[in-house]
Amino acid sequence: MTRASLDKQPHEVAAMFDDVAAKYDLTNDVLSLGQARAWRRAVAEAVAAGPGDLVLDLGAGTGTSSLPFVEAGAKVVPCDFSVGMLTEGKHRHPDLPLTAGDATRLPFADDTFDSVTISFALRNVHETDAALREMHRVTKPGGKLVICEFSTPTWTPFRTVYTEYLMRALPPVATAVSSNPDAYVYLAESIRAWPDQPALAARMQESGWSKVAWRNLTGGIVALHRGYKQA
């Protein structure tokens, strides 16, 4: 079984997600205690895509995260660098234009998308700042970026409980429901190592995004960050 390391070498991360593709969505629902679907709805509301909009859904995996944009009448390009995830997604959603791509070297022209979004995948990218700059490059002037990512709980006692859950409860639960439990140990470690809300906002601003703000979900377990490309 494949487990990536925290230096996030692209081939290791891609191989790890290839391993877990078949049961990835089910495992996420179990490990998030059912919250994953609510977080996806919050992303769709923040992107607020409508008919005629073109949305880039990065780290889309099997394409589940792209479905709300299709339902809203927008055109969506689900993009991921795990061929295993994309293959699984093609079986489930044959009509989606699933596309292979690296977030640090996106295969799209400048100023292409009305909105770009990435959910629970930015922390797995080898070069976060390069990815933020690439997302900025492919967004139309006046367009929007929405990042949904695990973050730092705002209430200190809850933060302690959450950390204990990640490192103690998550591995045995993952063993029961996932095809690659070691992958979820990596994912837990990557969550602990990820920047908090203000730190990610600062990196977005340094990468060219303006009007950067964030909103906490589930007490800060997850944060929605938003930024705009200046018109």
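This is a predicted model: local features need pLDDT of at least 70, side-chain atom pairs count only at pLDDT 80 or more; totals for chains, interfaces and linings use all residues.
Local features require pLDDT of at least 70, side-chain atom pairs count only at pLDDT 80 or more, and totals for chains, interfaces and linings use all residues. Residues are numbered from 1 along each chain as its sequence is written, and side-chain values use heavy atoms, with hydrogens and water left out.

The chain contains nine helices and seven strands. These elements are DSSP runs numbered from the N terminus, with helices being H or I of at least four residues and strands being E of at least two. Of the 231 residues, 51% count as buried. Buried means under 20% relative accessible area, exposed means over 50%, and partly exposed lies in between (1.4 Å probe, protein chains only). Among contacts in the chain with a separation of 6 or more, 66% join residues 24 or more positions apart. A contact means heavy atoms within 4.5 Å.

The largest nonpolar core has 25 residues. Such a core is a set of buried Ala, Val, Leu, Ile, Met, Phe, Trp, Tyr and Cys residues joined through side-chain atoms within 4.5 Å. Leu56, Leu58, Leu122 and Met135 have the most contacts inside this core. At least two core residues each come from strand 1 (54-58), strand 2 (75-80), strand 4, helix 6 (128-138), strand 5 (139-150) and helix 9 (197-206). Helix 6 gives the largest share, four residues. A second, separate core of 22 residues includes Val43, Phe69, Val76 and Phe120.

Helix 6 is mostly covered, with eight of its eleven residues buried. They are Thr128, Ala130, Ala131, Leu132, Glu134, Met135, His136 and Val138. These buried residues pack against strand 1, strand 4, strand 5 and helix 9. Met135 touches Leu58, Leu106, Val116, Ile118, Leu122, Leu145 and Trp209, leaving aside its neighbours within four places in sequence.

Helix 5 (residues 83-92) buries Met85, Leu86 and Gly89. Viewed down the helix axis, the buried residues of helix 5 fall within an arc of 95°, so they line one face. The arc is taken from the directions from the helix axis to the C-beta atoms. The face turned away from the buried side carries the exposed residues Val83 and His91.

A search of the whole structure finds one cavity of 30 Å³ or more. A cavity is a set of points on a 1 Å grid over the protein atoms alone where a 1.4 Å probe fits but cannot get out; lining residues have an atom within 4 Å of a point. The volume of the largest cavity is about 60 Å³. Grid points are joined across faces, edges and corners, and the volume is the space filled by probe spheres set on the points. The lining consists of Arg40, Val43, Ala44, Asp57, Ser65, Pro68, Phe69, Thr117, Ser119 and Phe120. Helix 3 (35-47), helix 4 (67-71) and strand 4 (113-119) each give two or more residues to this lining. Helix 3 provides the largest share, three residues.

Most residues other than glycine have a negative phi. Asp111 is found in the loop between strand 3 (99-100) and strand 4. Its relative accessibility is 38%, so Asp111 counts as partly exposed. Phe120 lies in the loop between strand 4 and helix 6. At 15% relative accessibility, Phe120 counts as buried.

Notes
On a 1 Å grid over the protein atoms alone, a cavity is a set of points where a 1.4 Å probe fits but cannot get out, and a pocket is an open set with protein on both sides within 12 Å along at least five of seven lines; lining residues have an atom within 4 Å of a point.
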